[in-house]
Amino acid sequence: MALQESRAAGIGEPISLHPVVDPLRCCGSGSCVKACPEGAFGIIDGKAHLVNPSVCIGHGACVASCPFEAIKLVFGTEKRGVDIPLVKPNFETNIPGLFIAGELGGMGLVRKAAEQGRQAMNAIRDTLKGNGGTDVDVLIVGAGPAGIAAGLGAIQHKLSYRIVEQEDSLGGTVYHYPRNKIIMTAPVQLPIVGKVKMSEISKEALLEFWNGIVGKTGLTINFRERMESIQPNGKGFQIKTSGGEYSARAVLLAIGRRGTPRKLDVPGEDLPKVVYRLIDAEQYRGQKVLVVGGGDSALEAALAIADEPGTEVSLSYRSDAFGRVKVKNRQRLEDAQKQGRINVLLKSNVLRIEPGEVLLELESGHTTLPNDAVIISAGGVLPIDLLKKVGIQFETKHGTE
């Protein structure tokens, strides 16, 4: 039933890294169903199936739980390919001195992303000889598990470094998880810190752990600084960010696949009332709020704000149906719409944002909504075009490891 509902709703394709089951090995034990905190698995005709692909976040709990090794994690499907950069065993790309570790390189698991960051920094240490005459030895882009481990490695190897992170908090993709649990299947080995034993940990506890490490080790991170370009300069690389320019002998890209928040590119989008993710629903009490987007994050933001006293919430989406969302979110939205708590505007587009109102285009014409705040949840723009421009080679994965 769950698989039929997912396909009927247009969410039968997984979004990113996801498990596939070998039916010849699967014994139908149901261990993967119990292990998955997202409820993505089910048993059909005695075999495990990914019945709710859109909620899978690829943390690999199912892989570790299977007694017959019948599950593996892959990127892409036959219908939908995923571009993954080509890297050497030491995580260096085809551009000498430019390395990739973590989720962008195809590894979204917290433990393995951290391990890749550690190994990549070991490789960078081995490639750097003498004094390069640059601002730093290595520039690390991203402060998720791979970036943090790499930064600790730079300190351990006495390399000068700089970490830039476009968000206002560390944790990378983990920071955005709306889930309560992340399964870590083995201890994490971190430079300076050593082996950290974790088997099951909540998102909040994991972020607290990362912050504790930063505090104890003195790891420095430039938050709210976004990478904009990378250019080889003879001695290494010239990197332009939203905060300035740096020269570095090596660059490690430890960024996730969420990318930079996708903008609407409409007049007024630079107003202070426009944000790209919900932080605290309480701050919108008594306000007129427009949420833009059709994914789970948009629906969850609209529903959370609608629960606050005195709010008037509208949800704008350019398509005619909410396809890639969880069934429970769709049902909650339908209930809120029937109760008059959320005004759903399908097949609509924002044309202009003003200090006190928003102009939208509907099928029936234009409409103006009184407005105090806008939350744009339109997904992210991956840096693949930027990286291809630098010359990094990619391969398209169609359901392969």
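Strand E20 (residues 312-317) runs parallel to E21, and the two pair over five bridges; here, two strands pair if DSSP finds at least two bridges between them. Within this pairing, Ser-316 stands opposite Leu-345 in E21. Helices (H or I, at least four residues) and strands (E, at least two) are DSSP runs, numbered from the N terminus. Keep in mind that this is a predicted model, in which local features need pLDDT of at least 70 and side-chain atom pairs count only at pLDDT 80 or more, while totals for chains, interfaces and linings use all residues. Residues are numbered from 1 along each chain as its sequence is written, and side-chain values use heavy atoms, leaving out hydrogens and water.

Now step back to the whole sheet. It is open, with five strands in the order E18-E25-E19-E20-E21 and parallel pairing. Its edges are strand E18 (274-275) and strand E21 (342-346), each of which pairs on one side only. Helix H8 (residues 327-338) packs on this sheet and touches E20 and E21, contact meaning heavy atoms within 4.5 Å.

From H8, move on to its helical neighbour. In the contact of the two helices, Asp-296, Leu-299, Glu-300 and Leu-303 in H7 meet Asn-329, Arg-330, Arg-332, Leu-333 and Ala-336 in H8.

Finally, turn to a hairpin. Strand E14 (residues 227-232) and strand E15 (residues 237-241) pair in the antiparallel sense over five bridges, and Ile-230 stands opposite Ile-239 in E15. Four residues lie between the two strands of the hairpin, and Gly-234 in the turn has a positive phi of about 95 degrees.

Definitions and conventions: Axes fitted to C-alpha atoms, helices over the stretch in contact; angles between N-to-C directions.
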